Structures are given as structure tokens and as C-alpha cells.
Amino acid sequence: MSKKVVVIYSGGMDSYTVLHKAIEEGLTPFALTFDYGQRHVKEIQIASEVCESLAINHKIIDITAINQLIGGSSLTDSSIEVATGDYDNNNMVNTVVPNRNMILLSLAVGYAVSIGAEKVYYGAHSGDHEIYPDCRPIFVEKMNEVAAVANYEKTEIHSPYLKSDKVGILKDGLRMGLDYSKTWTCYNGREKACGECGSCKERLEAFAKNGLSDPISYEA
């Protein structure tokens, strides 16, 4: 029997690649998707469809209660418009959900311990921007230190693409033959991707730099 691994799987292209990376490595993934009140809830639906098609054990966890404490993000507050244009500190800062990855990883580590999984995979990568402090290598390092003392069971937080950017992640996914029409990246949760937010623009750039067109539909 292959080893179990918990995969934080949002439904986006990074976590979709991470999920398949775990499968390629011969591990048995237990996918964990969090509903934190994100406006792009469509990603949860897509994550569910992918896991069902692959017969992967999948849990969708409602943690929307955190929004009673954490606010100010356009990802969770529909009264705040998602910024358009490229990522930069001034432009996309309102997409930050404070401490999000620390919250998600804490829950994922607890889940891993309870099912006997020795690793938690998540999709932080070197292309993540400095406006997201909980995607930096030092964050992963320190969270591993905390996980080591918070439980007697050994649980490692593993980010297989920590030293890759989105272009490199996509390249590896294409090598694995992945179908990226089964992902959602846009911060707006409409029927089609907007093509204008920083998340869309970065995704489109990754496909362009890999010499391909994005298979999902865009408004613009």
C-alpha cells in the first residue's frame, strides 16, 4: 500500500499540479479543499469534479467563520472590487487574506496526523509575490519547525515547487500530460475568467512562455 499524503487542493493550476505530482510519486493523496468564503468559489466545484473523476478521497471544509475575525480582502468581501492589472504591492494587496496559509496548514497537519500521513503537500512557489508572506520559503521552514514540536507524530510540510515559478510548474504539469481546462485561477467567480486580474494575467503569461494557449475561456 502506498503512503498517504494530504494535499491542500484549491482547484487552481498550482495545486492541481501538486496533486498530480503526489500521484506521480506513487503516493495516495487525501485532498483537502477549504471554503473560506472566497468569491471564486468556482474553484471548489472544479476541485470536487477532478477528485471525483480520479476517485481521490476529498474533503471540502467550511471555514468561512474566520471572516468574523479576518476582513479587508477582495477575495472574501464582495464589496471590495478585485484589482485588475499585473501583480504589484500597490495593485494586488487587497487580495491578501491575512494568515490564510498558516490556518490552512494547521488544519491540514492535524488531518495528516489523524490519518497517518507523514506529509502535507501545498503549492507555494518562488513566483509568489512578496505581498503574500505566507508563501515564502522561510514560512515553510518555520511551519515545519512548529509542526515538529506540535505533534509527536512526524509530519512534514512539503512544497514541491518552492523553487519554481508558475512557468516552471506549468511546464512540469505539461510533461505529466495534465489537462489545465480542469483548473480555475481567476479571482472573480464568474462563468468565464476575467483575463484582467493579476492571477489571470500570470496564468496567461505562463501558457505563453510555454508556447501554448490557455484552454479555459476568457471574457476578454
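**Stop one: a threonine**

Select Thr185: with a relative accessible area of 10%, Thr185 is buried (buried means under 20% relative accessible area, exposed over 50%, partly exposed in between, with a 1.4 Å probe and protein chains only). This is a predicted model, where local features need pLDDT of at least 70, side-chain atom pairs count only at pLDDT 80 or more, and totals for chains, interfaces and linings use all residues. Residues are numbered from 1 along each chain as its sequence is written, and side-chain values use heavy atoms, leaving out hydrogens and water.

Thr185 sits in the loop between α6 and α7 (helices are DSSP runs of H or I, at least four residues, numbered from the N terminus). Now show Arg203: its side chain makes a polar contact with the side chain of Thr185, at 2.8 Å (a pair of N or O atoms within 3.5 Å, one able to donate a hydrogen and the other to accept it).

**Stop two: the rings**

Next, select Tyr16 and Tyr180, an edge-to-face aromatic pair with 5.5 Å centre to centre and 70° between the planes (ring centres of Phe, Tyr or Trp, its six-membered ring, within 6.5 Å; planes under 30 degrees apart are stacked, over 60 edge-to-face, the rest tilted). Tyr16 lies in helix α1 and Tyr180 in the loop between α6 and α7, so the pair ties together parts 164 residues apart in sequence.

Phe207 counts as buried, at 3% relative accessibility. View Tyr16, Tyr180 and Phe207 together: ring pairs link them into a cluster.

Note on methods
Helix = DSSP H or I, 4+ residues; strand = E, 2+ residues; numbered from the N terminus.
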